[in-house]
Amino acid sequence: MTLTAKSKPKAAARQIRKSKFQADLAPAEDTMVRALKAELQLTSNSDFLSDALTLFRWAVSERKRGHRIVSESSSGERKILVFPRLERVAPELDLPRVQMDWSAREIESLLELSQGQPAEPTEALIRAMRR
Amino acid sequence: MAITIRRLEELDGTLGFDCGNEPLNNYLSKHAWINQQKCSIGVTYVAVDETAPRTVLGYFTLATSSIPRDRLPKKHVRGLPPYDLPLILLARLAVDKRFAGHGLGRVLLSEAFGTALRVAGEVGCRCIVADAYRNMVGWYAKFGFIPIEGGADTGPQRMFLDIRTIRAAIGSGSAFD
C-alpha cells in the first residue's frame with residue numbers, strides 16, 4: 001500500500017500550498033494502518049496522518065520538556081513510554097541526585113583541588129573530547 | 001562498526017555483558033534499569049552497535065551529588081556561595097571484554113564528559129568525581145583525574161576532574177594534531 005495524503009481541490013490549493021506525503025508501507029504496516037483507521041473511524045489517509053502527527057508532536061513536546069509519558073491502568077498500574085527516538089529530544093539534565101559518604105580529609109582534599117587552578121588537559125583528554 | 005551511545009532501555013540485553021568484573025556486570029544486569037526508572041539513583045548510558053542495537057558493549061552511570069555546606073571546613077567556606085557544593089558523579093564505567101582495547105572506554109568517557117558539561121552548564125557543578133577501581137586509577141589519571149586523598153586504603157579510589165579542565169580540552173584541540 002502507498003499511503004498518500006491527497007491534495008484538496010484546486011481552488012483551495014491556490015490559497016494554501018500543501019505538500020504531498022508519500023510512504024511505501026510493508027504489508028504488516030499496511031495492515032496496521034488499515035486496522036487503526038477502522039478503529040478510529042478515519043476514512044482518509046490525510047486525516048489519519050493529521051491525527052498521528054498531532055499525537056507525535058504532542059509526545060515530542062512533552063519529552064522536550066523533560067516530562068515522562070505514562071499510561072495508568074484502572075488498578076493504578078503505571079507504564080512509562082520509552083521510545084528511542086523520543087529519548088533523543090529529552091533533556092539529559094535530569095540526572096538524579098545521590099548521597100555520597102565523604103571523610104573529612106576527602107572533603108578537604110576535594111576543596112583544595114576545586115579551589116585551585118584547574119589542571120591543564122592531558123593529551124588523552126584532548127583527544128577524547130575531539131572525537 | 002557504528003557505535004551509538006544512548007540511555008539504557010528496558011529491553012536492552014544486559015545479561016550477556018561481561019567486563020570481567022562481577023559487581024559491574026551485576027549492576028548492569030540487575031540494578032541499572034531499576035535505579036534509572038524506579039529509584040532514580042543513577043542514569044545509565046549504553047554503547048550499542050547499529051547492527052545489534054540491543055547488545056550492550058559498554059556503559060557508564062551518572063548522577064549528581066553534593067557535599068553539605070555544614071561539612072565544609074571553615075577555612076574553605078569563605079568565598080563560597082551559601083549552598084551545598086554540587087558535583088557530578090561518574091559512578092560506573094565498564095566495557096565488555098570482547099570489545100576491550102578498541103578505545104570504547106575513551107568514547108564512553110568522552111560522552112560522559114559531554115553530558116557532564118551540559119549538566120554543569122545548568123546547575124553549576126565544578127567537578128566530576130569518579131570512584132575508580134584500584135587497577136583502573138592509572139587509566140583515569142591518563143584523562144586528568146586526580147586522586148582525592150583521605151579515603152579508605154581498600155576499595156575504590158575517589159578521583160577528581162575539574163570541569164574547567166574539560167572545557168579547556170575542547171578549546172585546545174589543535175595542541176596534539
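Author: Let us begin with a definition that we shall need for the sheet: two strands are said to pair if DSSP finds at least two bridges between them. Please keep in mind throughout that this is a predicted model.

Reader: Which strands of chain B pair over 10 bridges, and in which sense?

Author: The general idea is that strands of a sheet pair through backbone hydrogen bonds, either parallel or antiparallel. In this structure β3(B) and strand β4 (residues 85–95) of chain B are joined by 10 bridges and pair in the antiparallel sense. To find one of these places on your screen, look for Ile67(B), whose bridge partner in β4(B) is Leu85(B).

Reader: In what order do the strands of the sheet in chain B follow one another?

Author: The sheet is open and has seven strands, with mixed pairing, and their order is β1-β2-β3-β4-β5-β7-β6 (chain B). At its edges stand β1 (3–7) and β6 (146–147) of chain B, each of which has a single partner strand, so that one side of each is left without a neighbour in the sheet.

Reader: How is β1(B) joined to strand β2 of chain B?

Author: The two strands run antiparallel, and five bridges join β1(B) to β2 (residues 43–49) of chain B; here you can look for Arg7(B), which stands opposite Tyr45(B) in β2(B).

Reader: Which helix of chain B lies across β5 and β7 of chain B?

Author: That helix is α5 (residues 163–171) of chain B, which runs at about 50° to β7(B).

Reader: How should I describe the way in which α6(A) and α5(B) cross?

Author: Two packed helices are described by the angle between their axes and the distance between the axes. Here the axes of α6(A) and α5(B) come within 8 Å and cross at roughly 65°; angles of 65 to 115 degrees count as roughly perpendicular, and the two helices, α6(A) and α5(B), are therefore roughly perpendicular to each other. The crossing in which α6(A) passes α5(B) is right-handed. Leu125(A), Ile126(A) and Met129(A) of α6(A) make the contact with Ile166(B), Ala169(B) and Ile170(B) of α5(B), and by class this contact has six nonpolar, no polar and no charged residues.

Reader: Which helix of chain A has the lowest mean pLDDT?

Author: Among the elements of chain A, helix α1 (residues 10–15) of chain A has the lowest mean pLDDT, 60, whereas helix α2 (residues 27–39) of chain A has the highest, 95. For chain A the mean pLDDT is 83, with 82% of its residues reaching 70 or more, while for chain B the mean is 87, with 94% of its residues reaching 70 or more. The model scores ipTM 0.87 and pTM 0.68.

How values were computed: Residues numbered from 1 in each chain as written. Chains lettered and ligands numbered in written order. Predicted model: local features only at pLDDT ≥ 70, side-chain atom pairs only at ≥ 80, totals over all residues. Helix = DSSP H or I, 4+ residues; strand = E, 2+ residues; numbered from the N terminus. Contact = placed C-beta atoms within 7 Å. Axes fitted to C-alpha atoms, helices over the stretch in contact; angles between N-to-C directions. Parallel < 35°, antiparallel > 145°, perpendicular 65-115°, else oblique. Left-handed = near helix turned anticlockwise from the far one by under 90°. Nonpolar A, V, L, I, M, F, W, Y, C, P; charged D, E, K, R; others polar. pLDDT = per-residue confidence, 0-100.
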